[in-house]
Each structure stands twice: as structure tokens, then as C-alpha cells.
Amino acid sequence: MNYDVIVKELPAMDVLSMRCVIPDFHAIYKIYPEMDKYLEEKAIKRTTPSYRCIIYHDGEYKEKDIDVEFCQAVVGSGQDTDKFKFKKLKAVAAAACAIHKGPYNTIGMAHSAIGQWIKDNGYEIAGNLRESYIDSLWNKKKLKDWITEIQIPIRPKHK
């Protein structure tokens, strides 16, 4: 696959957050429905357009016991629980971003392409990687129609 990498700012935003260690990537499919149910029960509004992402906190690629933070952009805030927290994601001045189309089992190619672009263009990683889910299982039945934006905070490499 060919990936066009762009650099853009990621704005600050209010989110409903749930940070946990998941056993593997398949657990992702179980978390967002739980978060959606909580949002509906508490009548918490999502932003328009909607923004949901996972932030990876391990700092390296892992396939097991992955430290992730599920985030859904919301309007306002609410009461924190043991599981769900309301917080403000800080703005990211510059992130190398690319769109991945299709199932998640091939998303590693997008990560690799962005990593190579960062190296080739004199940048270094400056924060935790995000995957922003634009279209996925909640609104698209066919895997080929899923759209995910990979977002990696960057800064110029120090010489």
C-alpha cells in the first residue's frame, strides 16, 4: 500500500477516557461498545464531527499486555468513575499522519510507512502514537471500508 504522510496539528479536546492494559488487539472490539453504552446511559454528547482514538502508552510495539487509552471526544464533561475519566487531551503542535484504509490486520504497514517518513525527513517521535477511528465496525459492515488515521507526534531531530 502507498501512504501519503502529512504533518498537521492535533487540537486540544475534551474526552471521555479509559486507560487499561489489554491482553491483545482483539480486546479493542470489546472496549468501545462499553464506552458507547456509558455515553448513552449518561446522555453525554459526542463532538461533531466525532473523534475517537486509542493512544498507545508503551512506547514500543507490543502484541500482548498493551497499555492503551481509549478516548472519545465529548462536549463538556461529567462525573469520573473508577473506569471512565473526563480529561483534556493537550494539543500536539505537529503530528505525522497517514490514512489507512481497510482491516486492522494490515495497519502495521501504515505505521511502518510513517516511521520511515519520520526518519527520512529529519524528525523524531515526540509523544505517544494515536490511531483515530474514522469509520469502523460501528458504521461500516465491510472491512475494506474501514478508515483509520495514524497520528504520531513529531519534532525536528536534534543534531
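Is E41 buried or exposed? E41 counts as exposed, because its relative accessibility is 54%; buried means under 20% relative accessible area, exposed over 50%, and partly exposed in between, with a 1.4 Å probe and protein chains only.

Before going on, note that this is a predicted model, in which local features need pLDDT of at least 70 and side-chain atom pairs count only at pLDDT 80 or more, while totals for chains, interfaces and linings use all residues. Residues are numbered from 1 along each chain as its sequence is written, and side-chain values use heavy atoms, with hydrogens and water left out.

**Helix α1**

Select K37 together with E41. Both lie in helix α1 (residues 28-41), 4 residues apart, about one turn of the helix. Helices (H or I, at least four residues) and strands (E, at least two) are DSSP runs, numbered from the N terminus. The side chains of K37 and E41 form a salt bridge with N to O at 4.0 Å; the term stands for a side-chain nitrogen of Lys or Arg within 4 Å of a carboxyl oxygen of Asp or Glu. K37 is exposed too, at 52% relative accessibility.

**Strands β2 and β4**

Next, select D67 and R19. Their side chains meet in a salt bridge, 2.7 Å from N to O. This pair links distant parts of the chain: R19 is in strand β2 (residues 13-22) and D67 in strand β4 (residues 66-73), 48 residues apart. D67 is buried, because its relative accessible area is 16%, whereas R19 is partly exposed at 48%.

Now select K144 and D145. Their closest N and O atoms are 3.3 Å apart, in a salt bridge. K144 is exposed, with a relative accessible area of 58%, and D145 is partly exposed, with 30%.

Then select D36, R46 and R52, which are linked in a network of salt bridges. How many salt bridges does the rule give? The count comes to 11.

**A nonpolar patch**

Last, select Y29, L137 and W138. These residues make a nonpolar surface patch of about 280 Å². Patches are made of residues with over 30% relative accessible area and no salt bridge, with like charges joined within 9 Å and nonpolar side chains (Val, Leu, Ile, Met, Phe, Trp, Tyr) within 5 Å. Accessible areas come from the Shrake-Rupley method with a 1.4 Å probe; for residues, only the protein chains shown count as cover. L137 is partly exposed, with a relative accessible area of 43%, and lies in the loop between β8 (130-135) and β9 (147-156).
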